[in-house]
There are 2 protein chains.
Amino acid sequence: MRWAENFIAVDWGTTNRRGYRVGPGGALEDEMEDDRGILSVEAGGFDQAVAEIRARLGDLPMLMAGMIGSNRGWVEAPYVPCPAGLPELAQNLKWVEPGRTAIVPGVCFSDDDDADVMRGEEVQILGAYAQGLVPADAIVCHPGTHNKWIRLKDGRICSFRTVMTGELFNLLKGHSILADLLALPAGINAAFEVGVRRGLETPHITAELFSVRARVLLGKTAREDASSFISGLLIGADVRAGLALAAEAEVVAMGRPELTSLFAAALRIAGRTAREVDGEAAFLGGARHLAELVQ
Amino acid sequence: MRWAENFIAVDWGTTNRRGYRVGPGGALEDEMEDDRGILSVEAGGFDQAVAEIRARLGDLPMLMAGMIGSNRGWVEAPYVPCPAGLPELAQNLKWVEPGRTAIVPGVCFSDDDDADVMRGEEVQILGAYAQGLVPADAIVCHPGTHNKWIRLKDGRICSFRTVMTGELFNLLKGHSILADLLALPAGINAAFEVGVRRGLETPHITAELFSVRARVLLGKTAREDASSFISGLLIGADVRAGLALAAEAEVVAMGRPELTSLFAAALRIAGRTAREVDGEAAFLGGARHLAELVQ
């Protein structure tokens with residue numbers, strides 16, 4: 001039986017992991033998700049953590065992507081330089097057990113001025129392209145803890161930029177003077193739109209952040225609007241950084257639907273159209289195509 | 001005996017407090033500092049926390065400034081709107097015990113577009129002016145957890161902007177993916193200067209932050225340079241936001257000397273001259289002048 005007709009694909013991140021059993025014809029036969037991200041696995045504990053997945057989903061060949069291949073993960077899988085397509089990823093799989101267990105390499109970008117790295121998003125993006133969900137030439141916005149803006153050219157990742165928006169939002173919510181305001185629910189509403197417009201226009205995001213608190217203290221912004229406004233502000237600034245690289249009318253927003261909907265809304269406010277692609281479906285497609293290339 | 005010839009001045013912040021006993025002729029007779037910032041004082045515990053200061057420095061009239069007058073402090077002292085000089089502060093003291101214990105109000109700024117607040121810095125800035133340490137018309141950079149850029153006009157605070165640089169640095173150092181890099185020592189060196197120049201020029205600070213990690217991973221930046229670079233990057237972005245308000249060749253950098261030296265270095269890289277003023281001396285001067293106005 002071909003490898004690709006019966007294997008496990010794992011998207012193993014910093015704080016959680018998702019595993020899928022893929023059967024004949026690419027069918028999704030079973031799946032699991034838990035909070036055993038790489039940071040929760042003690043040194044030397046990865047063999048056991050991997051065995052848990054097989055115990056749950058079956059004793060099958062396994063393809064893993066994400067932070068599991070980082071220097072904080074199980075076995076380091078060196079980055080593949082841009083331009084990178086699925087063939088380059090397949091050629092550079094890091095085999096932990098030859099023929100049975102492999103880690104997908106991340107992708108790096110480097111020029112005179114910039115440097116950037118990704119792990120995990122590459123499988124989604126190239127998987128979406130392989131499935132015809134995005135064109136061969138596209139700009140992709142991938143929101144998450146570390147948001148990525150990726151330029152796809154001829155079906156390969158040719159450059160990208162990471163913006164720390166998700167992590168910054170979490171830091172502010174968890175530990176900053178804005179924490180009490182961010183404890184209130186946020187949504188896509190009028191305050192979000194005002195925030196997005198501000199974030200799109202100001203180059204001084206760290207000044208704008210404090211002014212939210214001041215506006216609430218002085219009664220110029222309603223307390224219950226602050227969270228949506230801050231969310232909009234950070235996403236607007238993120239979109240500003242991303243669109244500095246992109247003249248396209250259409251931007252692909254890929255990832256978790258609750259995040260892509262926020263970025264799609266901000267992109268529309270910025271005058272672009274947004275094509276939303278579910279990151280989980282894209283990942284599965286990418287894993288299936290990689291498994292085909294393993295043969 | 002006049003009030004101003006024998007009183008206690010307290011600069012009471014979020015995480016610590018400093019108290020000074022001022023004697024005849026404005027002499028500094030005794031001082032104390034501890035970590036009893038307002039966040040460490042339980043609700044209802046401020047009477048006792050204030051009594052500790054008198055037990056330590058003497059049973060004297062007391063003038064307090066800073067977050068002690070905020071809605072998280074002891075008794076709220078409403079903000080005085082810009083333009084605000086020492087006379088406006090004195091007229092709006094919040095008397096907790098009439099004639100004996102007062103809280104200096106903070107200052108707020110508000111126009112169609114912006115809103116901002118300060119508590120504590122106003123005594124330093126107006127105190128420095130009253131002592132002739134800064135001219136009547138000046139731009140003042142006051143680094144701290146919440147950095148302030150203050151426009152002084154005719155010896156009064158006429159507008160200001162807060163940039164969350166200090167808090168952001170602390171969040172990144174304490175809780176972010178950059179924490180391990182920021183655990184290494186930072187200084188004013190070549191990497192700091194490269195960071196400052198980058199921060200002065202880029203409007204995408206949240207993208208630049210992640211790229212530091214990528215540069216280290218890809219071997220483009222030495223690991224031991226990352227902390228100084230990030231410090232420079234954040235300070236450069238802060239100076240960019242502040243100088244957007246200021247055409248002056250000279251900027252006053254006021255506050256804790258270990259912070260003003262960093263900002264003075266960044267200001268010189270940005271082509272300005274910096275006049276450093278010690279914040280503690282400025283605070284004491286401001287408190288003495290306020291005590292005179294209390295009579």
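Trainee: Why is Glu208(B) called buried?

Mentor: Glu208(B) has a relative accessibility of 6%. Buried means under 20% relative accessible area, exposed over 50% and partly exposed in between, with a 1.4 Å probe and protein chains only, so Glu208(B) counts as buried. This is a predicted model, where local features need pLDDT of at least 70, side-chain atom pairs count only at pLDDT 80 or more, and totals for chains, interfaces and linings use all residues. Residues are numbered from 1 along each chain as its sequence is written, chains are lettered from A and ligands numbered from 1 in the order in which they are written, and side-chain values use heavy atoms, leaving out hydrogens and water.

Trainee: What makes Arg215(B) and Glu208(B) a salt bridge?

Mentor: Their side chains meet at 3.9 Å, N to O. A salt bridge is a side-chain nitrogen of Lys or Arg within 4 Å of a carboxyl oxygen of Asp or Glu, so this pair qualifies. Salt bridges that share partners join Asp113(A), Asp114(A), Arg198(B), Glu208(B) and Arg215(B) into one network.

Trainee: How do you know whether Arg215(B) is buried or exposed?

Mentor: Its relative accessibility is 9%, so Arg215(B) counts as buried.

Trainee: Why is Asp34(A) called partly exposed?

Mentor: Asp34(A) has a relative accessible area of 24%, so the label is partly exposed. Its salt-bridge partner is Arg17(A), with the closest N and O atoms 2.9 Å apart. Arg17(A), at 1% relative accessibility, counts as buried.

Trainee: What makes Glu258(A) and Arg256(A) a salt bridge?

Mentor: Their closest N and O atoms are 2.7 Å apart, so the pair meets the definition.
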